[in-house]
Structure formats: structure tokens, C-alpha cells
Amino acid sequence: MQELPVNALATTSQATPVAPADLPLPRKFLIFGVMAFGMFMALIDIQIVAASLNEIQAGLSAGPDEISWVQTGYLMAELVMIPFSAFLAQALSTRWLFALSAALFTLASALCGMAWDIQSMTVFRVIQGFVGGAMVPTVFATGFALFTGKQRALIPAILGMVSVLAPTLGPTVGGWLTEVVGWRSIFYVNIVPGVAVAVLSMLLVRVDRPNLAMLKQIDYVHLVAMAVFLGGLEYVLEEGPRHEWLGDPAIATAAWFSLVGFALFLERSLRSSGPIVRLSPFRQSTFVLACVLSLVIGFGLYAATYLVPVFLGRVRGYNSLQIGTTVFVTGLAQILSTVVAARLSQRIDARWTISAGLLLFAASLWMFSAMTPEWGFAALFWPQVLRGFAIMLCIVPSVNMALNGFAAAELRYASGLFNLMRNLGGAIGIAVVNTWLQDQSRIHVARFGESLGESGRHAGEVVAQLAGRIGQLTADSSHALLMAQGELGRLVSRTALTLAFDDVFRLMAWMFVAALLLVPFCRTPPHAAQGAVVEAH
């Protein structure tokens with residue numbers, strides 16, 4: 001792509017006379033604030049919906065397998081757009097890509113609220129995920145292009161907080177809106193802020209210029225290969241735990257198409273004259289290591305955020321509002337940690353910060369591994385606080401490691417690939433912990449069965465005692481015995497599931513300890529030169 005000096009561009013257009021880093025500081029923060037809010041809106045929408053799937057299923061008369069597509073379709077489309085957004089930002093400009101993304105996201109949200117059946121809801125959610133996926137990597141790239149020096153250190157801290165705070169607040173906001181107003185309100189709530197972000201983006205975000213000629217050079221084979229690869233992979237990861245993985249013909253077919261798509265995607269990335277995704281950032285070893293760490297961090301972040309509400313719902317029987325108020329404390333800890341992480345990133349080597357973050361995150365997961373079926377808000381308080389505090393110490397230095405050292409167009413591609421790795425880590429994490437949870441739960445149920453079989457007399461005594469208590473409420477002794485046996489079965493299942501949660505958190509803790517082995521090999525690259533060039537038409 002052609003690049004011109006700033007002074008040359010100043011003579012050709014009065015709209016963007018200076019490079020992004022040379023804009024007045026208040027304008028830079030205003031641009032960044034608008035885009036960060038758009039990113040928050042896109043991210044929180046995932047977890048808002050996740051907390052209200054039961055109500056949506058009932059409202060649309062959908063089956064259990066059909067309702068999963070409300071989430072799966074969104075995530076598949078988002079995953080495809082994240083790496084594609086760098087190409088579109090160059091072709092359309094950051095201003096128009098972000099404004100169009102916000103506007104179409106708002107329109108898709110309104111259509112989701114008006115959905116009349118599960119098929120229409122799925123289509124609208126796919127559109128919503130696809131257009132919303134462009135906002136996340138675009139904000140990261142723009143933030144690093146706008147700011148330099150100590151100001152730049154705030155960017156990964158702020159965006160990291162947004163990235164983890166949105167999923168944490170989602171269940172609370174979604175549960176409250178669903179309980180008070182109804183499930184359709186979780187989509188309609190996006191309309192006013194979405195319109196505001198779209199309008200403000202058109203008015204304010206003038207940080208680069210479009211290169212519309214790129215739209216004529218799209219390698220559609222590359223685009224389709226990437227869509228098949230990432231969409232198929234997301235489908236396998238989402239549906240695999242529920243359908244015995246490759247034992248299911250549909251999942252096996254999707255895995256095969258994803259593998260073929262990946263091979264073709266790599267071939268076109270390396271040989272195409274106009275690839276839609278450039279893999280050149282992987283030439284930097286620090287970027288590669290930062291992406292691996294991002295994969296691990298995404299695994300832990302999304303898996304832990306997923307597991308705690310599942311525990312509260314399945315073991316404690318909490319509703320969506322109770323779950324939201326219980327996990328809310330994690331978000332408060334993240335806000336506090338953002339300030340600490342931002343200051344540390346300016347004063348000490350990033351490797352020390354991320355090492356502390358990984359260790360504290362592992363410690364929090366180890367604390368979760370002691371859960372009992374009676375754990376509620378009080379018992380979960382400190383493990384959640386520690387997890388919320390630790391995650392920012394992981395995210396901020398990893399973003400700095402990944403994106404410092406890139407300039408101009410390559411920064412966009414680096415941002416897209418880095419964010420893709422974190423989302424992939426989250427998808428892999430949720431799929432893996434679901435599988436671990438199912439396997440460990442079956443193992444513990446089998447062990448309880450063996451123990452009860454070996455000491456059948458004691459089990460019989462427990463059933464007899466329960467039947468005696470129930471018999472005080474009913475004259476039917478056989479019915480009381482059946483109820484007692486059912487109660488014992490529920491007790492065994494509940495305890496086995498809790499032990500399975502403990503095992504999963506313990507395995508995740510060891511994974512974060514193992515990730516520490518990568519940290520000594522990371523080097524924070526020097527800051528890329530800023531303000532030297534602006535992309536031309």
C-alpha cells in the first residue's frame with residue numbers, strides 16, 4: 001500500500017492533515033473513548049444473552065439443540081470477522097468500518113429483539129456477531145496508533161478491563177433486564193448507545209484514509225477458506241462436548257472441512273498477491289510467544305467466567321439474577337487491578353508483571369478447587385477477587401508484548417491475530433472444561449457407586465432414615481422409599497459434580513503454572529515509530 005509523508009497528505013486533503021499520534025490529546029481520548037464503548041457494547045452482548053437463553057428458548061418455542069445456535073452462530077461469525085477486520089480497515093478506513101459496524105450491530109440487535117422464531121433469531125445473531133467482531137481488534141490497533149510513551153501504557157489496561165469487565169457484567173445486566181422487563185429488552189437496550197457510537201464514529205474517527213481499490217483485489221478463495229476454517233472450528237468446539245466430539249457425523253464433517261479450510265487458508269496467506277490476512281507479524285518471536293500466552297489467558301479467562309455461573313446454577317440452583325450478583329465482585333477487582341497493572345507497565349519489566357499475574361491466577365483457581373456444594377457468595381468472594389485482580393496483570397503486559405513494535409497496516413493485522421488467539425483460547429477453554437466436567441463427574445459417580453456397593457449396609461441405613469422422615473409426611477411407605485432413594489441419588493450427583501468442578505479448576509491452575517515457562521523468553525519490543533506516515537487513498 002502506498003504511504004505518504006504527513007506534509008504531503010496535508011496538501012491533498014484538509015480532512016486529515018496530521019497523523020493519528022499528532023492529533024490534540026483531548027480529541028485522541030474522545031476518539032478512543034467512543035471506540036472503547038463500542039467494543040464494550042459488542043462484548044457484553046454475548047454474556048447478556050448467555051444468562052437469558054432459557055427465557056429466549058421458551059419465548060421462541062425452541063428446542064434445546066436449537067437454542068444453542070443463538071450463541072454458536074454469533075461466536076462463529078465473530079471469529080471470522082476478527083482477522084478480516086484489518087483488511088477492511090485499510091480498504092474502508094477505520095472511520096467507516098467502525099461506524100458501519102456499530103450501525104449494523106444496532107440494526108441486528110433490533111432485529112433480534114423482533115425475532116419471531118428460532119431460525120430468524122439465529123440469522124440475526126450471525127449478522128450481529130459478524131459486524132460486531134470488527135470493533136474489537138480495530139480499537140486495539142487504533143489505540144496503539146493514537147498514543148505514544150506513557151499514554152500508550154494506559155491503552156492495554158483500559159481495553160483489557162473492558163475485555164474482562166463486559167463478560168463479568170453480562171450475567172448481572174442480562175439477568176436483571178430479563179427479570180424486570182423481559183428477554184427482548186436485552187437486545188433493544190443496544191439501540192440508543194449503538195446509534196450514538198455510529199454517529200460519533202462518523203464525526204470523530206478520522207485517523208486514516210480509505211483505499212477503496214483494495215476491495216477489487218479481495219482474494220475470495222482466501223476469505224472463504226478462512227470462514228470455513230474458523231467457523232468449522234468454532235462449531236466443533238461449541239457442539240463437541242454435547243455430542244461426543246468426532247463420534248457425531250456432523251461434528252466429524254465440520255472438523256474435516258475446518259482442516260481443509262485451514263490448509264487452503266495457509267496456502268493463500270503465503271502465496272496470494274492480495275491476501276485478506278497477512279501472517280507477517282508472526283515473524284517476530286515475541287509476538288508468537290505473546291499469542292501463545294494470549295491463548296492460555298483466553299482459556300483461563302473464559303473458562304473460569306463460564307464455570308462459576310454453571311456451578312451456581314447446577315449445584316446451588318441460583319437463577320440468573322442471583323448468579324449475576326454473586327459474580328459481580330470479580331468486576332470490581334478488575335477495575336482496581338487495571339490501575340495497578342497500568343502503573344506497573346510503566347515501571348518494571350513486563351515479564352515480572354505477567355509472572356505475578358499468572359501465579360495469582362493459578363492461586364485463585366487452586367482456591368476454587370476446594371469448593372463444596374454449600375459454597376455461595378461468601379465462600380466465593382476471595383477466590384473471585386483474586387482472579388479478577390490477577391487477570392489484568394496477565395492481559396496488560398501480554399498486549400504490550402504483542403503490539404509494541406508494529407506500525408501502520410501491520411499493527412492492524414497484529415491486533416486481529418492477537419485478539420483471534422484470545423477468542424480461540426476462550427472457545428477451546430469452554431469446550432475442554434465442559435469435556436473435563438462430564439468425564440470427571442462420571443468418574444466420581446462411579447466411585448460413589450463402588451463405595452456404596454462395598455458398604456451397602458450404611459447406604460441402606462441412610463435410605464431408611466430418609467424414608468422415615470419422608471414417611472412422617474405421607475402414609476404411602478413405598479412412595480416414601482422411592483423419594484428417599486431419589487434424594488440419595490440427587491445428593492450423590494450433586495457431590496460428584498462439585499468434585500468434578502474441583503478437579504477442573506485444579507487442572508487449570510497447573511496449566512497457568514506451566515505457562516510461566518514461556519515468560520523468560522519474552523522480550524518487549526521497542527515502540528514503533530509513530531506519526532511518520534498516514535495511509536493514503
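Is Arg-268 buried, partly exposed or exposed, and what is its relative accessibility? I looked this up in the predicted model and found Arg-268 to be partly exposed, at 22% relative accessibility.

Entry on the surroundings of Arg-268. I noted that Arg-268 forms a salt bridge with Glu-267, their closest N and O atoms lying 3.5 Å apart, and that Glu-267 is likewise partly exposed, its relative accessibility being 26%.

Entry on Arg-412. I found a salt bridge between the side chains of Arg-412 and Asp-208, with an N to O distance of 2.0 Å. This pair joins distant parts of the chain, since Arg-412 belongs to helix H18 (residues 408-454) while Asp-208 sits in the loop between helix H11 (191-204) and helix H12 (220-239), 204 residues away.

Entry on helix H20. I looked at Asp-503 and Arg-506, which form a salt bridge whose closest N and O atoms are 3.0 Å apart. Both residues lie in helix H20 (residues 477-515), and because they are 3 residues apart there, about one helical turn separates them. The accessibilities I noted for this pair place Asp-503 among buried residues, at 14%, whereas Arg-506 is partly exposed, at 28%.

Entry on the total. I finished with the count for the model, which comes to 8 salt bridges, among them the Arg-412 and Asp-208 pair.

Note on methods: Residues are numbered from 1 along each chain as its sequence is written. This is a predicted model: local features need pLDDT of at least 70, side-chain atom pairs count only at pLDDT 80 or more; totals for chains, interfaces and linings use all residues. Side-chain values use heavy atoms; hydrogens and water are left out. A salt bridge is a side-chain nitrogen of Lys or Arg within 4 Å of a carboxyl oxygen of Asp or Glu. Helices (H or I, at least four residues) and strands (E, at least two) are DSSP runs, numbered from the N terminus. Buried means under 20% relative accessible area, exposed over 50%, partly exposed in between (1.4 Å probe, protein chains only).
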